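Colleague: I would like to learn how to read this model. Can we go through it feature by feature?

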Amino acid sequence: MAAFSFQDKHERSFIFSLVIPGRALADIDGLTRELVNVTDSVIRPSEVLSITYDVWQKHIGNNPELMLLYTKGVVAKEETHMEAMIANYTLSVPERLRVFLKVLLTSYNPEIKDGWNMLPIYLSHREYAQILGASEVTVCRTVVEMYEKKLMSRNKRNIYVHSSLFEDIYDWTEIQ
């Protein structure tokens, strides 16, 4: 698992988008050889497949279907970066957490089933706080409230969220 982040003038790092397992990292700057002013880094021990610029250029340049597929992936990834930043700058912490949990679920399964849904990735309260741009204490309080309201449950390291958590959520990703 990786993240895109930036540093403020005090050299504090802020995550603005999570890159879940199986997704590309450093692909845009790798393709264009243009550096960008964000940091991409793994936030957990990870296995990484690295492709050299020459190999990547050769395969992309010779395969229009691959380029189209890649371009669609880039657009989707950039949309999620913008959506994460919008959420982190406009929503309260409980709302950010609800949106993030929904996005996390739908990143792996397009549809959320009625009832309980297992989160595909286990995250600590500290990781949630980093991703949501919130304090760990606030995230912990929010999660405890969700457990008390029976919107979240846990079985060992498996975390489940109930579909009712998303009933009245404002989700601009669904607006056409």
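What follows is a dialogue on confidence, sheets, helix packing and backbone angles.

Colleague: What is the average pLDDT of the protein chain?

Modeller: Remember that this is a predicted model. Where pLDDT is low, the predicted coordinates should not be read in detail. Here the protein chain averages 84, and 96% of the residues score at least 70.

Colleague: Where is confidence lowest, and where is it highest?

Modeller: Helix H1 (residues 27–32) is the lowest, with a mean of 75. Helix H6 (residues 136–148) is the highest, at 96.

Colleague: Now the sheets. In what order do E1, E2 and E3 stand?

Modeller: The general idea comes before the case. Strands of a sheet pair through backbone hydrogen bonds, either parallel or antiparallel. In this model the order is E2-E1-E3, in an open sheet of 3 strands with antiparallel pairing. Strand E2 (13–19) and strand E3 (39–42) are at the edges; each has a single partner strand, so one side of each lacks a neighbour in the sheet. On average, neighbouring strands here are turned by 35° against each other, direction ignored.

Colleague: How many bridges join E1 and E2?

Modeller: Strand E1 (residues 2–7) pairs with E2 over 6 bridges, in the antiparallel sense.

Colleague: Which helix lies across E1 and E2?

Modeller: That is helix H3 (residues 64–90). H3 runs at about 135° to E2.

Colleague: What is the strand order in the sheet of E4, E5 and E6?

Modeller: The order is E4-E6-E5. This is an open sheet of 3 strands, and the pairing is antiparallel. E4 and E5 are the edge strands, each pairing on one side only. Its neighbouring strands are turned by 30° against each other on average, direction ignored.

Colleague: Which helix packs on this sheet?

Modeller: H6 does, touching E5 and E6. The direction of H6 makes about 90° with that of E5.

Colleague: How many bridges does E6 form with E4, and how many with E5?

Modeller: Strand E4 (residues 116–118) pairs with E6 over 3 bridges. Strand E5 (residues 152–155) pairs with E6 over 4 bridges. Both pairings are antiparallel. Ser153 has Tyr160 as its bridge partner in E6.

Colleague: Which residues of E6 are on its covered face, and which on the uncovered one?

Modeller: In strand E6 (residues 158–162), Ile159 and Val161 make up the covered face. Asn158, Tyr160 and His162 make up the uncovered one.

Colleague: Let us turn to helix packing. At what angle do H4 and H5 pack?

Modeller: Two packed helices are described by the angle between their axes and the distance between the axes. Helix H4 (residues 93–108) and helix H5 (residues 125–132) pack at about 100°, and their axes are 11 Å apart. H4 is therefore roughly perpendicular to H5.

Colleague: Which residues meet in that contact?

Modeller: From H4 come Arg96, Leu97, Phe100 and Leu101. From H5 come Tyr128, Ile131 and Leu132. The contact has 6 nonpolar residues, no polar ones and 1 charged.

Colleague: Which residues of H5 are buried, and what do they pack against?

Modeller: The buried residues are Glu127, Tyr128, Ala129, Ile131 and Leu132. They pack against E2, H3, H4 and H6.

Colleague: Why does Glu127 count as buried?

Modeller: Its relative accessible area is 12%, and buried means under 20%. Glu127 touches Met1, Ile43, Arg44 and Tyr122, leaving aside residues up to four places away in sequence.

Colleague: Last, backbone angles. What is the phi of Lys150?

Modeller: Most residues other than glycine have a negative phi. Lys150 has a positive phi of about 60°, although it is not a glycine. Lys150 sits in the loop between H6 and E5. This residue is exposed, with a relative accessible area of 61%.

Colleague: Where does Lys156 lie?

Modeller: Lys156 is in the loop between E5 and E6. That hairpin has 2 residues between the strands, and Lys156 takes a positive phi near 60°. Lys156 is exposed, with a relative accessible area of 72%.

Colleague: Which residue follows H5?

Modeller: Gly133 does, and its phi is positive, near 65°.

Definitions and conventions. Residues numbered from 1 in each chain as written. Predicted model: local features only at pLDDT ≥ 70, side-chain atom pairs only at ≥ 80, totals over all residues. Heavy atoms only, no water. Pairing = 2+ DSSP bridges. Axes fitted to C-alpha atoms, helices over the stretch in contact; angles between N-to-C directions. Contact = heavy atoms within 4.5 Å. Buried < 20%, exposed > 50% of the residue type's maximum accessible area, 1.4 Å probe, protein only. pLDDT = per-residue confidence, 0-100. Parallel < 35°, antiparallel > 145°, perpendicular 65-115°, else oblique. Nonpolar A, V, L, I, M, F, W, Y, C, P; charged D, E, K, R; others polar.
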